[in-house]
Amino acid sequence: MNSMTQFEIKAPCDFYGHNAWTLSRLSRSGKILSIEKPDEKKICSAESLLGVLTLGIQKGDKIRFIGDENSEDLSAFAEKLCRELSC
């Protein structure tokens, strides 16, 4: 049985255009399963660019990364993501 891990951050910027693409690309390489906006009960596949865009993540929104034992360390993933964003 797969154990799921979660890590939550406040979005450092809006996730539209290049930032949405960056999030989806890094999620694929880090094997992140899902991204969630828990306050709105919205969730999508982390690999889906359209899904990320549909979440409508704006600066300051609470977002949660969900992975399993095959996923990259989620706090390290969040740090790498923040370094690559165009904020």
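Contact, in this talk, means heavy atoms within 4.5 Å. With that cut-off, take the contacts in the protein chain with a separation of 6 or more: residues 24 or more positions apart account for 72% of them.

Some ground rules. This is a predicted model, where local features need pLDDT of at least 70, side-chain atom pairs count only at pLDDT 80 or more, and totals for chains, interfaces and linings use all residues. Residues are numbered from 1 along each chain as its sequence is written, and side-chain values use heavy atoms, with hydrogens and water left out.

Overall picture. The protein chain has three helices and four strands. Both kinds of element are DSSP runs, numbered from the N terminus: helices are H or I with at least four residues, strands are E with at least two. Reading from the N terminus, the order is β-α-β-β-α-β-α.

How big is the C-alpha trace along its principal axes? It spans about 35 × 25 × 20 Å. For 87 residues, a compact globule would have a radius of gyration near 12 Å, and the protein chain agrees with its 11 Å. That radius is taken over C-alpha atoms, and the globule rule is 2.2 Å times the number of residues to the power 0.38.

Burial next. Buried means under 20% relative accessible area, exposed means over 50%, and partly exposed is in between, using a 1.4 Å probe and protein chains only. By that count, 43% of the 87 residues are buried.

Now the sheet. It is open, with four strands in the order β1-β4-β2-β3 and antiparallel pairing. At the edges stand β1 (5-10) and β3, each with a single partner strand, so one side of each has no neighbour in the sheet. On average, neighbouring strands are turned by 20° against each other, direction ignored. Axes here are lines fitted to C-alpha atoms, for helices over the stretch in contact, and angles run from 0 to 180 degrees between N-to-C directions.

Let me walk through the pairs. Two strands pair if DSSP finds at least two bridges between them.

β1 and β4 run antiparallel, joined by six bridges. In that pair, Thr 5 stands opposite Gly 67 of β4. β2 and β4 are also antiparallel, over three bridges. There, Ile 35 faces Phe 65 in β4. β2 and β3 run antiparallel with four bridges. Glu 36 has Ile 43 in β3 as its bridge partner.

How well covered is β4? Mostly: five of the six residues in this strand, 62-67, are buried.

Leaving aside neighbours within four places in sequence, Ser 34 is in contact with Ile 43, Cys 44, Ala 46, Arg 64, Phe 65 and Ile 66.

Then Lys 37, also found in β2. Is this lysine buried or exposed? Lys 37 is buried, with a relative accessible area of 4%. Outside four places in sequence, the contacts of Lys 37 are Lys 42, Leu 55, Gly 56, Ile 57, Asp 61, Lys 62 and Ile 63. Leu 49 is twelve residues from Lys 37 in sequence, and 15 Å away in space, C-alpha to C-alpha.

On to the helices. The axes of α1 and α3 (residues 74-84) come within 10 Å and cross at roughly 145°. The crossing is right-handed. By convention, a crossing is right-handed if the near helix is turned clockwise from the far one by less than a right angle, and left-handed if anticlockwise.

Which residues meet there? From α1, Thr 22, Leu 23, Arg 25, Leu 26, Ser 27 and Ser 29; from α3, Phe 77, Lys 80, Leu 81 and Glu 84. The residues of this contact divide into four nonpolar, three polar and three charged. Nonpolar covers Ala, Val, Leu, Ile, Met, Phe, Trp, Tyr, Cys and Pro; charged covers Asp, Glu, Lys and Arg; the others, Gly among them, are polar.

Last, backbone angles. Most residues other than glycine have a negative phi. Lys 31 has a positive phi of about 60°. Lys 31 sits in the loop between α1 (17-30) and β2 (34-37). Lys 31 is exposed, at 52% relative accessible area.

Lys 41 has a positive phi too, near 55°. Its place is the loop between β2 and β3 (42-45). At 74% relative accessibility, Lys 41 counts as exposed.
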